[in-house]
Amino acid sequence: MSTFHFPASRWGAAAVHVGFSAILLLVIISLVYFIWYPGALTFAGGAEDGLKIVIAVDMILGPLLTLVIYNIAKPRKELIRDLSIIALFQISCLVAGMSFVYEQRPLVVVYNTHHFQIYDAQKLEGNNIQINLLDKYSGSYPKIILERVPKDPTAAAQHSVNKMLGTVDISTLWESFPKDSSSLSELFKIETATPCIKKNIHSYNSEGSICFNPNTLSFSDFQKL
């Protein structure tokens with residue numbers, strides 16, 4: 001490799017770094033938004049915390065370090081070494097940030113006739129629910145599930161108490177989310193003009209309202225409380 005392949009100035013090198021970082025960031029955001037935290041779950045599930053780390057490292061810190069250390073007058077091996085150290089540091093930070101985002105990703109979103117609750121791996125484990133038990137529910141992850149709360153007020157109140165105390169296996173009340181109009185009409189008041197149903201949604205670090213489309217089982221328009 002000759003020095004011809006290297007940018008002539010540190011600003012040019014930083015610009016190239018920003019370009020590659022932008023492509024990488026686009027891939028990461030697409031992975032998060034379309035697969036791990038689809039739609040508004042990106043914000044309701046708290047993915048933005050990890051993404052802030054990723055963006056800061058990927059688009060700011062990495063190119064800034066390149067701007068500081070880059071010098072075309074350096075010997076080729078020394079320049080490659082310096083750029084490799086920056087790349088290794090940046091990749092390490094990206095892996096750490098994305099690991100956090102992946103571990104906190106929603107695996108189940110449960111509607112309990114009052115609000116939606118997001119369950120990540122840690123919350124499932126806290127409720128003694130094995131992740132492989134979710135395979136029986138239709139659809140891709142995160143699973144959209146209905147929790148059938150007892151209709152009797154006394155039984156419903158006792159269920160709430162048992163749930164808070166952790167003395168009930170809540171998964172025994174879970175079922176695949178209904179798609180037929182009659183079942184949906186029992187759960188929601190659905191307007192023909194718009195399928196958006198505003199409900200509260202809770203996650204491990206966030207609470208707000210969200211628009212739920214029962215026809216597509218998708219979420220949009222999250223507003224944090």
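**Briefing: a kinked helix, paired strands and a disulfide**

A kink of about 35° is centred on V57 in helix α3, where the bend at a residue is the angle between axes fitted to the seven residues ending there and the seven starting there. The structure is a predicted model, in which local features need pLDDT of at least 70 and side-chain atom pairs count only at pLDDT 80 or more, while totals for chains, interfaces and linings use all residues. Residues are numbered from 1 along each chain as its sequence is written, and side-chain values use heavy atoms, with hydrogens and water left out. Helices (H or I, at least four residues) and strands (E, at least two) are DSSP runs, numbered from the N terminus.

**Helix α3**

- Helix α3 covers residues 47–69, 23 residues in total, and spans 32 Å from its first C-alpha to its last.
- That span is close to the 33 Å expected at 1.5 Å a residue, the expected value being 1.5 Å times one less than the number of residues.
- Buried residues of α3 include A47, E48, G50, L51, V54, V57 and D58; buried means under 20% relative accessible area, exposed over 50%, and partly exposed in between (1.4 Å probe, protein chains only).
- G62, P63, T66 and L67 are also among the buried residues of α3.
- The partners against which the buried residues of α3 pack are α1, α2 (41–44) and α4 (76–103), with contact meaning heavy atoms within 4.5 Å.

**Nonpolar cores**

- The largest nonpolar core comprises 30 residues; such a core is a set of buried Ala, Val, Leu, Ile, Met, Phe, Trp, Tyr and Cys residues joined through side-chain atoms within 4.5 Å.
- Within this core, the residues with the most contacts are V32, L41, V109, F177, I201, I210 and F219.
- Helix α1 (residues 10–36) makes the greatest contribution to this core, supplying four residues.
- Leaving aside residues up to four places away in sequence, I210 touches A40, L41, A44, I197, K198, K199, I201, F219, S220, D221 and F222.

**The disulfide**

- One disulfide is present in the structure, a disulfide being a pair of cysteine sulfur atoms within 2.5 Å.
- The bond joins C196 to C211, with an S to S distance of 2.0 Å.
- C196 lies in the loop between α7 (181–187) and β5 (197–202), and C211 lies in strand β6 (residues 207–213), so the pair ties together parts that are 15 residues apart in sequence.
- C196 counts as partly exposed because its relative accessibility is 30%, whereas C211 is buried at 7%.

- Strand β6 is largely enclosed by the rest of the structure, because six of its seven residues are buried.
- Six bridges pair β5 with β6 in the antiparallel sense; two strands pair if DSSP finds at least two bridges between them.
- Four residues separate β5 and β6 in the hairpin that they form, and H202 has E207 in β6 as its bridge partner.
- Strand β6 also pairs with strand β7 (residues 218–224), again antiparallel, over five bridges.
- S209 stands opposite Q223 of β7.

**Strands β1 and β2**

- Strand β1 (residues 108–111) runs antiparallel to β2, and four bridges join them.
- Y111 stands opposite F116 in β2.
- From strand β2 (residues 116–119), F116 and I118 point one way and Q117 and Y119 the other way, and all are buried.
- Strand β2 pairs with β5 in the parallel sense over two bridges, and I201 in β5 is the bridge partner of F116.

- A cis peptide bond, with omega near 0°, runs from Y141 to P142.
- P142 is located in the loop between α5 (121–126) and β3 (143–147).
- L217, which is not a glycine, has a positive phi of about 55° and belongs to the hairpin of β6 and β7, which has four residues between the strands.
- D221 also has a positive phi, near 55°, and is not a glycine; D221 is placed in strand β7.
- D221 counts as partly exposed, with a relative accessibility of 43%.
- T113 takes a positive phi near 75° in the hairpin of β1 and β2, which has four residues between the strands.
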